[in-house]
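Welcome! Please take a look at the structure below, and then we can walk through some of its features together.

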Protein chains: 2
Amino acid sequence: MDQLFSYEHLRTFTRSVFLKMGCSEVHAELASEVLVSADLRGVDSHGVARLSGYIRLWEAGRINPKPNIRIVHETPSTAVVDGDGGLGLVVAPFAMQVAIDKAANVGSGWVSVKHSNHFGIAGYHAMKALDRDMIGMAMTNASPLVAPTFAKERMLGTNPIAVAIPAGEQPPFVADFATTTAANGKLEILQRKEQEAPTGWVQDKAGNSSVNANELKSGGALLPLGGDRDHGSHKGYCLGAIVDIFSAVLSGANYGPWAPPFVSFLPLPPDPVGEGLGHFFGAMRVDAFRPAEEFKSHMDTWISRFRSTTPISEDQPVLIPGDPEREMAASRIHEGIPLLLPVVKDLKEVAAKFELDF
Amino acid sequence: MDQLFSYEHLRTFTRSVFLKMGCSEVHAELASEVLVSADLRGVDSHGVARLSGYIRLWEAGRINPKPNIRIVHETPSTAVVDGDGGLGLVVAPFAMQVAIDKAANVGSGWVSVKHSNHFGIAGYHAMKALDRDMIGMAMTNASPLVAPTFAKERMLGTNPIAVAIPAGEQPPFVADFATTTAANGKLEILQRKEQEAPTGWVQDKAGNSSVNANELKSGGALLPLGGDRDHGSHKGYCLGAIVDIFSAVLSGANYGPWAPPFVSFLPLPPDPVGEGLGHFFGAMRVDAFRPAEEFKSHMDTWISRFRSTTPISEDQPVLIPGDPEREMAASRIHEGIPLLLPVVKDLKEVAAKFELDF
């Protein structure tokens, strides 16, 4: 029941929408590239399906379409960037570029960002380092949906971490994952299919284990990677907390339960502890450690050795992080990007609002 | 059935043993501090219980008691350290100090280490940054015991990550965790108690889910954090892989299945791809991002807010990473450190070998 659209069509349309929101040509182009990269790579929950959400935040005055994004504090290897309330889709590339420039100068660069909004997929930003022969890292905090181990209260976002590592002959290693057992987007897929969630994904509002994929709508919470204490959920909680602190306490953004919600119908938390959402980016030149060709040749060995790991079943070989998304992108660029009908309907409404064609 | 020993007694004894192995006074003092910090903090699997293992590696010629630990490559914010086959217990503090010195100069420091051995608990090294008002990070690769998602072959170590973050009035945030569902030490406790493991900790040699705590002895494997694909084990596999690459591919150590075994009765893998084990350390000055007092005050808010998270049960409040280990250390420094009788027997044999008292 999906409808296929070309990558270029979605790029052109979303660029037009960002222009209508008042973004500059450069920002509209960039924001559309970042947003649609999610659809291209198969992370459907973070692509054009979110476009109307960004628009509602803009209508609510929570997104500044003409931000003055700038460095407000820096050392040779670090910086804090103030996103000025802009789209995370344009604030993040600015900050990642600062990290890359600092790495070019002193070996590594680390940038914490305040006063931003959702930045699309973390992997897009981390991958920006690859063609500079750098390792890239990106993380962000997000609306509180996750209960720490032993808690029934939602305190953290799904706080993803992405790490992109260049190789030589092999494609790069690209890890990009939420620090929860499953990202919210996975839950939404189960909701649409009216299926149950595996245990360890969610709990109900009292903190009991649940398989109800709609549990978040009645006060439940997503669970940190691990699911419960016996299965290491305290480690997932640690990871989510580290992302929160690097992204928001280092920069001066809102952290923990103060992180602003993505949905515009929820009010901003009272008594904010900072400005907007926070992100954290890193870049390390591989030749700041050993000659780049040597590093990349060993990454080729690493990747080919792990790819040849003895599998449990011959039908399912061991994967390298980034394989599924790269294969998805290679297919979708030619075959088109399938959108669910509710998403198509949503985009048609956006088109009508701005007097655009879709 | 435990026997209590004072922290000082264990420090003095292990220092004497390292001296007998031929370590310098400075290295013997340092190695004993790092090793016994594990017992003090309650990570019993990584403390004096491992002393005889270090000795057997030394007897097999796999540990150099008089290493020339040195920087072999560097930029203003990065370095590679060659551990010269020394005890990780002394190589790691050298490398962490390099990271701290670089952070003092340019905001952050990142050090990858080759030709090392097991370094004790990661948390000890990360915490070295705290009294400099820096965030500290430490990770290491280790003997391959872990099967990637979809694999039945052991390819990665339990590859821990530690992150220590300073606060003001509150104690610091100290996360220190293996990137597997459970560390091998947890499995050894179940073996001694003749108890089963929860599902998701281990699989048998064919790759089937297992609750047999002895599964590793018959070709089984530990599982990445998450346990299986449905519960996010691909994320735990990503984390373990990132630790492996940062620790060993960046530095020129052995990675993946080539990581040398801790137990001396296993041969070194043929055709090594590098030298020894690898580690990775990081330090970031918090005032490289915002004024230190401001950062620490917000960390106090973060910690107190998370500590007051509504718990599922009033009997089990939500913890801050580092709470259990800090409370354990505060108790054991006064009450003494309990050792299992097989560990006491092992240490008495070590004492006899070196003509020491225990």
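Predicted model: local features only at pLDDT ≥ 70, side-chain atom pairs only at ≥ 80, totals over all residues.

In chain B, three strands make up an open sheet, arranged in the order β9-β8-β10 with antiparallel pairing. The edge positions belong to β9 (209-210) and β10 (221-222) of chain B; each has a single partner strand, so one side of each has no neighbour in the sheet.

Let's follow one of these pairings. Strand β8 of chain B, residues 202-203, is joined to β10(B) by two bridges in the antiparallel sense. Within this part of the sheet, Gln203(B) sits opposite Ala221(B) of β10(B).

## Where the two chains touch

How many residues does each chain bring to the contact? Chain A brings 66 residues and chain B brings 64 residues. On the side of chain A that touches chain B, at least two residues each come from β3 (78-82), β4 (108-116), β6 (161-165), β7 (173-177), α7 (233-249) and α8 (292-307) of chain A. The most is given by α8(A), with seven residues. Sorted by class, the residues on this side of chain A are 38 nonpolar, 22 polar and six charged.

## A closer look at Cys238(B)

Now for a single residue. Cys238(B) belongs to helix α7 of chain B, which covers residues 233-249. Is Cys238(B) buried or exposed? Cys238(B) is buried, because 28 other C-beta atoms lie within 10 Å, and 20 or more are enough to count as buried.

Leaving aside residues up to four places away in sequence, Cys238(B) touches Ala175(A), Phe177(A) and Pro321(A). Cys238(B) can also be placed relative to Val273(B): the two are 35 residues apart in sequence, and their C-alpha atoms are 21 Å apart in space.

## Two helices crossing in chain A

Finally, turn to chain A, where helix α1 (residues 7-20) and helix α2 (residues 25-41) have axes that come within 8 Å and cross at roughly 140°. That angle makes α1(A) oblique to α2(A). The crossing of α1(A) past α2(A) is right-handed.

Which residues meet here? From α1(A), they include Tyr7(A), Leu10(A), Arg11(A) and Phe18(A). From α2(A), they include His27(A), Ala28(A), Glu33(A), Val36(A) and Leu40(A). By class, the contact of α1(A) with α2(A) has nine nonpolar, three polar and five charged residues.

Definitions and conventions: Residues numbered from 1 in each chain as written. Chains lettered and ligands numbered in written order. Pairing = 2+ DSSP bridges. Helix = DSSP H or I, 4+ residues; strand = E, 2+ residues; numbered from the N terminus. Buried ≥ 20, exposed ≤ 12 C-beta atoms within 10 Å, placed from the backbone. Contact = placed C-beta atoms within 7 Å. Nonpolar A, V, L, I, M, F, W, Y, C, P; charged D, E, K, R; others polar. Axes fitted to C-alpha atoms, helices over the stretch in contact; angles between N-to-C directions. Parallel < 35°, antiparallel > 145°, perpendicular 65-115°, else oblique. Left-handed = near helix turned anticlockwise from the far one by under 90°.
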